[in-house]
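Here is a friendly note to read with the model open beside you. Take the points in order and find each residue as you go.

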Amino acid sequence: VGLDARYGVTAGLNLDVTINTDFAQVEVDDQQVNLTRFGLFFPEKRDFFLEASNFFTMGTGASFMNNVAALAAATSRPERVLGLHFFNPPPAMPLVEVVAAPATDAGLLADVRAWVAGLGKTAIQVANLPGFAVNRVLFAMICEAIRALEDGVAPAADLDRALRLGASHPIGPLALADFVGLDVTLDLLASLSARLGTRYDPPARLRELVARGHLGRKTGRGF
């Protein structure tokens, strides 16, 4: 269907489409495609949408670094584009952020919210702004927890314990950063800082750990 190998996509006449990477699988049902998680960012993702929109309804797995409105504008059918932001690990996390582009069809939006509910998850609609809702707040907290560690407020384990016991968080912010990956945390904070201001500037302690290759759970060393 005209999706070439630049995007790691192959397509057969039966409209089965597979992503040939470690990122995700694209699920196709007749003329609709759900990209629940696709490992491309601008400009590659924009270009993929431009070609794919000739054939499919597009639902992008919306990393909060993606601009859903810009992706929609790059297609020939912007009314058929919206963003779905699942949380890690998707099978266990009950929330999905739904991000409409300016031209997203209201009927499509209602259908997608019903589809999310059918998965047993809760959909909330959020604005197409950096961080959406959850990560805009969450990464501000992680950033401040790292600064508190730098300032000597408490050791890492006690800062995490304070949030678990004092604020009923299931996991402390530093342990969560380790789980996400400190390199990923650094990249996300840098992106939010560029878009929302210096309150998201990555702390020096985080930069030092990443420079040493201490990336959290995946390397066995972090906060």
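1. Is Arg-77 buried, partly exposed or exposed? Arg-77 is partly exposed, because its relative accessible area is 28%, and the cut-offs are under 20% for buried, over 50% for exposed and in between for partly exposed, with a 1.4 Å probe and protein chains only. You will find Arg-77 in the loop between α2 (68–73) and β6 (81–86). Its C-alpha atom is separated by 9.2 Å from that of Thr-104, 27 residues apart along the chain.

2. A word on what you are looking at: this is a predicted model, in which local features need pLDDT of at least 70 and side-chain atom pairs count only at pLDDT 80 or more, while totals for chains, interfaces and linings use all residues. Residues are numbered from 1 along each chain as its sequence is written, and side-chain values use heavy atoms, leaving out hydrogens and water.

3. Now the overall picture. The protein has eight helices and eight strands; these are DSSP runs, H or I of at least four residues for helices and E of at least two for strands, numbered from the N terminus. Of the 223 residues, 42% are buried. The accessible surface comes to about 11,200 Å², and 55% of that belongs to carbon and sulfur atoms; the areas come from the Shrake-Rupley method with a 1.4 Å probe, and for residues only the protein chains shown count as cover. Among contacts (heavy atoms within 4.5 Å) with a separation of 6 or more, 57% are between residues 24 or more positions apart.

4. Glu-97 lies in strand β7 (residues 95–100) and counts as buried because its relative accessible area is 0%. Leaving aside neighbours within four places in sequence, its contacts include Leu-84, His-85, Phe-87, Val-126 and Phe-132. Glu-97 and Ala-123 are 26 residues apart in sequence, yet 5.8 Å apart in space from C-alpha to C-alpha.

5. Which residues of helix α6 (residues 173–180) are buried? They are Pro-173, Leu-174, Leu-176, Ala-177 and Asp-178. Their cover includes α4 (134–150), α5 (156–167) and α7 (182–196). Just after α6, Gly-181 takes a positive phi of about 110 degrees.

6. Look next at how α4 meets α6. Their axes are 9 Å apart and the packing angle is about 115 degrees; axes are lines fitted to C-alpha atoms, for helices over the stretch in contact, and angles run from 0 to 180 degrees between N-to-C directions. The two helices are therefore roughly perpendicular, since that name covers 65 to 115 degrees, with under 35 roughly parallel, over 145 roughly antiparallel and the rest oblique. On the α4 side the contact is made by Leu-138, Met-141, Ile-142, Ala-145, Ile-146 and Leu-149, and on the α6 side by Pro-173, Leu-174, Leu-176 and Ala-177. By class, this contact has ten nonpolar, no polar and no charged residues; Ala, Val, Leu, Ile, Met, Phe, Trp, Tyr, Cys and Pro count as nonpolar, Asp, Glu, Lys and Arg as charged, and the others, Gly among them, as polar.

7. The contact is made by Leu-182, Asp-183, Thr-185, Leu-186 and Leu-189 of α7 with Leu-206, Arg-207, Leu-209 and Val-210 of α8. Those residues divide into six nonpolar, one polar and two charged.
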